[in-house]
Amino acid sequence: MTQFNDTELTAAVIQSFDRTPDPRTKFLLQELVKSLHDYVRRTDLTFGEWEVAIDFLTRTGQKCTPIRQEFILLSDVLGVSMLVDAVNHREREGATQTTVLGPFYVGEHPVMAHGADISPGLTGERMFVQSRVTDLDGKPLAGVPVDIWHADDDGFYDSQKASYATQGPSSRARFITDSDGRLFFRTILPCSYPIPTDGPAGDLVLKTGRHPMRPAHVHFLVAAPGYEPLITHVFIEGDEYLDSDVVFGVKDDLIATVENRSDAFMPDGQPATGPWHLMTYNFRMKPGEGTVPQPMMPEKAEA
Ligand code: BEZ
Ligand code: FE
């Protein structure tokens, strides 16, 4: 019978993957074994601690549904999502910075006409958003789908609320850039909000004395053919959590000054109903390609 000491054990497990047909998969698995074994050795992991970890991962999986991704949330709060983002976007000179997709890219993103209100009936301070999509030289990119989603004034996404099943998307839409690369819409000013804390990822944050807050932002996913898909947020200047985002997603270039306005008319010439905010942010796309993530879809009700 073959018996291993702990270093030989690591070598044997690495070797057990030697015949993996795909070289990249083989590399990833062997590196994973190295890192996991190193962790166990460095920490002298006890059986009790190993059981806690297994139970934690089990509960993380059990919390997932077609529209709730607790593993992405865990990756986010551990900084893994931003690290994957960083190693995949080392060269972005002149292009808009990227950040996490987050777990709320879910459900339908209905195509709306420019100027539409994507948050009708929601309480909150009114905001007009105007944007332009260009290449690195400033040439406008027309006909580009831009998905938008953000939290409401209570800090919840539509998909977190029971009303999603009956009322459908809210503060969530798709715009197609016009011939000048522009898009514009009405919504409410998002506020900072806590990530979901009713599952293992949020529990981890709270039990380790961290706060669960994300600074206020609007999500954008710009998918222009011939350009790298741009997954990003625009953050709102002045937010108290910009320096301590629970998912480490803030980049200076993504912070926008949102102006307080009292003009009677908004930039599209339509009347304002009171004071409003103006967010202006333009996106510069990097030539290339990439996989455009699809929103997670809720399960369809039985017909
Ligand atoms: C979000 O911005 O929607 C988000 C990102 C990461 C974790 C939780 C929420
Ligand atoms: Fe968000």
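# A guided tour of the predicted chain

Start at serine 131, whose side chain reaches the backbone oxygen of tyrosine 281 at 2.7 Å; such a polar contact is a pair of N or O atoms within 3.5 Å, where within protein one must be able to donate a hydrogen and the other to accept it, and residues adjacent in sequence count only if both atoms are side-chain atoms. This is a predicted model, in which local features need pLDDT of at least 70 and side-chain atom pairs count only at pLDDT 80 or more, while totals for chains, interfaces and linings use all residues. Residues are numbered from 1 along each chain as its sequence is written, chains are lettered from A and ligands numbered from 1 in the order in which they are written, and side-chain values use heavy atoms, with hydrogens and water left out.

**Around serine 131**

Keep serine 131 selected and colour by secondary structure: this residue sits in strand β1 (residues 126-134), where helices (H or I, at least four residues) and strands (E, at least two) are DSSP runs, numbered from the N terminus. Serine 131 is buried because its relative accessible area is 3%, buried meaning under 20%, exposed over 50% and partly exposed in between, with a 1.4 Å probe and protein chains only. Not counting residues up to four places away in sequence, serine 131 touches Gly181, Arg182, Leu183, Tyr281, Asn282 and Phe283, a contact being heavy atoms within 4.5 Å.

**The whole chain**

Zoom out to the protein chain, which has 7 helices and 11 strands and whose C-alpha atoms fill a box of roughly 85 × 45 × 40 Å along the principal axes. Of its 303 residues, 40% are buried, and among the contacts with a separation of 6 or more, 73% come from residues 24 or more positions apart. The chain exposes about 16,600 Å², of which carbon and sulfur atoms supply 55%, the areas coming from the Shrake-Rupley method with a 1.4 Å probe.

**Two annotated spans**

Select residues 22-96, which an unreviewed UniProt entry annotates as "domain: Catechol dioxygenase N-terminal"; UniProt positions follow the numbering used here, feature names are shortened, and annotations may be inferred rather than shown by experiment. Over this span the chain is 72% helix and 0% strand, with its end C-alpha atoms 34 Å apart. Next take residues 123-275, where UniProt (unreviewed entry) places "domain: Intradiol ring-cleavage dioxygenases"; this span is 8% helix and 32% strand, and its end C-alpha atoms lie 14 Å apart.

**Helix α7 and glycine 209**

Move to helix α7 (residues 200-207), in which Pro200, Ala201, Gly202 and Val205 are buried, and display α3 (47-62) and α4 (70-77), which are included in what covers those buried residues. Just after α7, glycine 209 takes a positive phi of about 75°.

Most residues other than glycine have a negative phi. Serine 171, however, has a phi near 55°; look for serine 171 in the loop between α6 (164-167) and β3 (172-176), where serine 171 counts as buried because its relative accessible area is 3%. Phenylalanine 248 likewise has a positive phi, near 60°, and is placed in the loop between β8 and β9 (255-256); at 46% relative accessibility, phenylalanine 248 counts as partly exposed.

Glutamate 228 is in the loop between β7 (217-222) and β8 (230-236) and, at 18% relative accessibility, counts as buried. Which side chain does glutamate 228 join through a polar contact of 3.1 Å? The partner is arginine 92, and, leaving aside neighbours within four places in sequence, glutamate 228 is also in contact with residues including His89, Met285, Lys286 and Pro287.

Serine 192 is found in the loop between β4 (182-188) and β5 (193-194) and counts as partly exposed at 21% relative accessibility.

Finish at phenylalanine 265, in the loop between β10 (258-261) and β11 (276-284). Its C-alpha atom is separated by 9.9 Å from that of tryptophan 276, 11 residues apart along the chain, and, leaving aside neighbours within four places in sequence, phenylalanine 265 is in contact with Gln270, Pro271, Ala272 and Trp276.
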